[in-house]
Amino acid sequence: MPPRLRASLPCLTAAALFAFALSPAAVAAEPRATSDTPLALTPPMGWNNWAHYMCDIDEAKVVANADALVSSGLAAKGYDTVTVDDCWMTKSRDAQGALVVDTVKFPHGMAWLGDYLHDKGLKFGIYQDAGSLTCEKYPGSGAPQGGGADHYAEDARQFASWNVDYVKMDGCNLWVPAGQTKEQAYRGAYNAVAKALRESGRDMVLSASAPAYFQQGEWGGSDWHKVLGWVGETGQLWREGKDIKVYNPATPAASRWSSVLGNYGYNRWLGRYAGPGNWNDPDFLIAGAPGLTAAESRSQVALWAMMASPFILSSEVSELTSQGLAALGNTRMIELDQDPMGRQGAVVSSNATFEILTRPLANGDRAVAVLNRSATTRDIRVPLDEIGLSDCTADAQDLWNGSRREVSDALTGRLAGHDTAVWRLSPRGCAEAAPTGQVVGDGARCADGANTTGLGAVVMATCTGAPDQRWTLRDDASLRLAGDCLSAGDDGLVELADCAPPRDRRPGQSWTHLRGGALVERESGMCLTAPAAAATPDAPAARLRLTACGDHRVDQAWALPV
Ligand code: GAL
């Protein structure tokens, strides 16, 4: 952690760490990492065997891929952490309780492997599980089923003795003691893991899998949101959901594109949890590997970079396609992913065809990406004011080919099916960008100001990308749509109403977005609440309202523009 950041941490109140006003300036100034270690200030990068080899792993394969990271130039570009996933050990501990390396697979042992990687300038990562058994039923670090002593401290010390730099701590088979909820048991276990690593005497990045064991669909349930709320106190990165589809040598051509879109789908709404030392992990990069086309490979790299996701390859590095390798090794894209401000990008607009994302960057630039979900080539056009850059021009660099152009009103281009365009915009002639785009809530639906159910009504609707879903966050804490302010109205409803001038701001027009996702109306302290989905498709959409704030209610969690 840079000294400036470390020095500023003790002065922050808990409230300041967890809440931020809608002001973009306030957001940018706050270090949002909750970890107390200086680890992983940018998203980790590297390689892991799982999505290509699963349990069919050995020393020769790890070494060959590590060598290929170096010879391909990827290691020098930052892909430096080589992680051995599940199935590296024998099925039982030794008489002293230590984990035993499977020396048929790893004849020189793990200390040797660590030395080999370190000699190449790489880092060493290893897999373990916070439950009683790993997902493939090797000995886990956690308490046995039925209760008893765990092995967190001794396993952490064993890893430290092998000079491990990164631990992927999975969450299969975790014992839930009587009297605890599953969520409490995971919290206790991951806190203990983090403590054991901290006290091991060696800095080891912790990749925690806890949230993945609570995922229910794209918007998740209350427990998932609770876990996302605390997991950053334990790990520097965390898996929130489903695995990326693994390579199957029996069906090498099987498409894995829908798996990429699925993981992108759940990760895109969680940007509020990300920041230096705290990263959402939508799982491995399989770009350039069997199952993705060149365009799809580019899209995965681009979307992961927009979301400040860990860049962890899981493929056979020497067999990557040349186009996949070019996308993964694109230094402009890597720089985007690794931007030191560490703010995850957000979705500006989405519909069945296009998805537009923006991401504010440390030097004041903004990245913009357009995903073409359709299978055919399309013309694209992104007006600058729709991405928060009103009244300015921008120098736009196409991050794929490095070309630059001056844009005065809109980014335009042609985009192949399943491909993603990415630009880095340096705005000229305007103040800081105003975060603009969708406000997304329960069911990944959009807050919509269409006048369907009454003057000023705000309802939830399928996201369309249309202007009645284009909100702007202003630094006076207002949330505006087409010039009107989201306001507390009668009968607990919210509505769009004239914005009072800032000095005598009408009560009910100022909002605070909390880290857990709640959008709190400041006057009443009540939370913006999404209505239940309509029972039938043609039932009139129910309106958004203010209700008492609950504990991680999914209908009170909101993803906002950045
Ligand atoms: C899963 C995890 C995978 C891999 C596997 C090993 O739970 O998501 O990435 O680690 O376990 O058994």
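Biologist: Which ring has Lys91 over its face, and at what distance from the ring centre?

Modeller: Happy to look, bearing in mind that this is a predicted model. A charge counts as over a ring if NZ of Lys is within 6 Å of the ring centre and within 35 degrees of the ring normal. Lys91 lies over the face of Tyr138, and its distance from the ring centre is 4.4 Å.

Biologist: How do the rings of Tyr186 and Tyr190 pair: stacked or edge-to-face?

Modeller: Both tyrosines lie in helix α8, four residues apart, about one turn of the helix. Tyr186 is buried, and so is Tyr190. Their rings are 6.4 Å apart, centre to centre, with 15 degrees between the planes. Planes under 30 degrees apart count as stacked, so the Tyr186 and Tyr190 pair is stacked.

Biologist: And how many residues apart are Trp219 and Trp269?

Modeller: These two form a tilted pair, 6.3 Å centre to centre with 55 degrees between the planes. Trp219 counts as buried because its relative accessibility is 6%, and Trp269 is buried at 5%. Trp219 sits in the loop between β6 and α9, and Trp269 in the loop between α10 and β8, so the pair links distant parts of the chain. Their separation is 50 residues.

Key. Residues numbered from 1 in each chain as written. Predicted model: local features only at pLDDT ≥ 70, side-chain atom pairs only at ≥ 80, totals over all residues. Heavy atoms only, no water. Phe/Tyr/Trp six-rings, centres within 6.5 Å; stacked < 30°, edge-to-face > 60°. Helix = DSSP H or I, 4+ residues; strand = E, 2+ residues; numbered from the N terminus. Buried < 20%, exposed > 50% of the residue type's maximum accessible area, 1.4 Å probe, protein only.
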